[in-house]
Amino acid sequence: MKILKEGCNGDEVKIVQYLIGYTSKLGNFTSALTDKVKTFQKSNGLVPDGIVGNDVRYALAVSAPVLRQSKTRKNVNRAWQMLLGVKADGIFGKDTLAKTKEFQQQNGLKADGVVGVNTWSKALEATKTNI
């Protein structure tokens, strides 16, 4: 399993940044992002080591807001779209809705198009070898 830590970069880092709410220097795991991850870990009862592993992925899934079509959480929508592999424009429109339902159906979840804890968990779990 690939972990993310200071010095890593790419789309995987962007997803974490969007979910943590830190979008400075997108795609780069900087010392400032390490501090944000440590703060997130502390607030979620995790060891504050600044490293994104399975425990942080699960906490991100649990703490991520519920998404549905027409909600305006652009950065979180972008993170979700990146996990789906669709254009990350930050708009939860009909294409994102269709891909969300497809993902849910393929993963044994209720295909309602609502991105809640179970959908976030499954998506982050499914990509844990990538992020």
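Analyst: Axes are lines fitted to C-alpha atoms, for helices over the stretch in contact, and angles run from 0 to 180 degrees between N-to-C directions. Helices (H or I, at least four residues) are DSSP runs numbered from the N terminus. This is a predicted model, in which local features need pLDDT of at least 70 and side-chain atom pairs count only at pLDDT 80 or more, while totals for chains, interfaces and linings use all residues. Residues are numbered from 1 along each chain as its sequence is written, and side-chain values use heavy atoms, with hydrogens and water left out.

User: How is helix 3 oriented relative to helix 6?

Analyst: The axes of helix 3 (residues 54-63) and helix 6 come within 8 Å and cross at roughly 155°. Angles over 145 degrees count as roughly antiparallel, under 35 as roughly parallel, 65 to 115 as roughly perpendicular and the rest as oblique. Helix 3 is therefore, relative to helix 6, roughly antiparallel.

User: Which residues of helix 6 meet helix 3?

Analyst: Contact means heavy atoms within 4.5 Å. From helix 3, Arg57, Tyr58, Leu60, Ala61 and Val62 take part, and they meet, in helix 6, Val117, Trp120, Ser121 and Leu124.

User: Why is helix 4 largely enclosed by the rest of the structure?

Analyst: Buried means under 20% relative accessible area, exposed over 50% and partly exposed in between, with a 1.4 Å probe and protein chains only. The buried residues of helix 4 pack against helix 1 (11-20), helix 5 (94-106) and helix 6 (117-126). Helix 4 (residues 74-84) is largely enclosed because, of its 11 residues, the number buried is eight.

Technical notes: Helix = DSSP H or I, 4+ residues; strand = E, 2+ residues; numbered from the N terminus.
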